[in-house]
Amino acid sequence: MSDPGRKDVSFDVREEPDGILWVKVQGELTEDGARAILGAVRRVAESGRDALVLADMRHMGPIPAPARKVITEEVRRSRVDAVALIGASFSLRAIVMLLGKGVQMLTGHPYPQHFFDTESEARAWLLAQRDALRAGRRPLA
């Protein structure tokens with residue numbers, strides 16, 4: 001018997017022309033989905049490009065404990081320069097904020113992330129973060 005709650009679980013990751021890595025998760029984030037998304041972020045960072053992530057969370061479900069563990073492990077191993085999140089529910093905001101603080105404490109590196117209502121606001125913030133990185137200034141959290 002299939003799990004009816006998991007039938008619409010999917011994710012998409014693509015690099016936009018402006019260098020932003022666009023991520024969209026539909027439904028619950030699985031361990032494999034978290035690994036794939038963060039693998040894409042790691043490849044961008046290892047190539048020397050800015051690791052700027054725009055996460056569309058409008059249709060995202062919960063982040064179960066195993067996926068949170070994967071996120072924490074993977075983010076510790078890769079550079080993430082800034083994350084803009086759109087459409088996150090209150091519970092997702094709380095989880096993502098805690099994950100970000102934990103990663104920052106474990107790595108000692110800033111983990112700029114910000115929540116937005118619109119994609120245009122999120123993109124503008126990410127591009128400002130990119131400009132700050134390229135000018136040698138610390139991005140704004």
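A: Among the elements that cover the buried residues of α4 are the strands β2, β3, β4 (82–86) and β5 (113–116). The buried residues in question are A122, R123, W125, L126, Q129, R130 and A132. In this predicted model, α4 spans residues 119–134, 16 residues in total, and extends 22 Å from its first C-alpha to its last, close to the 22 Å expected at 1.5 Å a residue. Residues three or four places apart in an α-helix point the same way, because there are 3.6 residues a turn. Just beyond the end of α4, G136 adopts a positive phi of about 85 degrees.

Helix α1 may be described in the like manner. It comprises residues 31–46, and its 16 residues reach 22 Å between the first and last C-alpha, close to the 22 Å expected at 1.5 Å a residue. Buried in α1 are G33, A34, I37, L38, G39, A40, V41, V44 and A45, and their cover includes β1 (10–15), β2 (21–26), β3 (52–56) and α2 (65–77). After α1 comes G48, with a positive phi near 95 degrees.

On the α1 side the contact involves E31, A34, R35, L38 and R42, which meet P66, A67, V70, I71, E74, V75 and R77 of α2. Of the residues in this contact, seven are nonpolar, five are charged and none is polar.

Note on methods:
Residues are numbered from 1 along each chain as its sequence is written. This is a predicted model: local features need pLDDT of at least 70, side-chain atom pairs count only at pLDDT 80 or more; totals for chains, interfaces and linings use all residues. Side-chain values use heavy atoms; hydrogens and water are left out. Helices (H or I, at least four residues) and strands (E, at least two) are DSSP runs, numbered from the N terminus. The expected span of a helix is 1.5 Å times one less than its number of residues. Buried means under 20% relative accessible area, exposed over 50%, partly exposed in between (1.4 Å probe, protein chains only). Contact means heavy atoms within 4.5 Å. Ala, Val, Leu, Ile, Met, Phe, Trp, Tyr, Cys and Pro count as nonpolar, Asp, Glu, Lys and Arg as charged, and the others, Gly among them, as polar.
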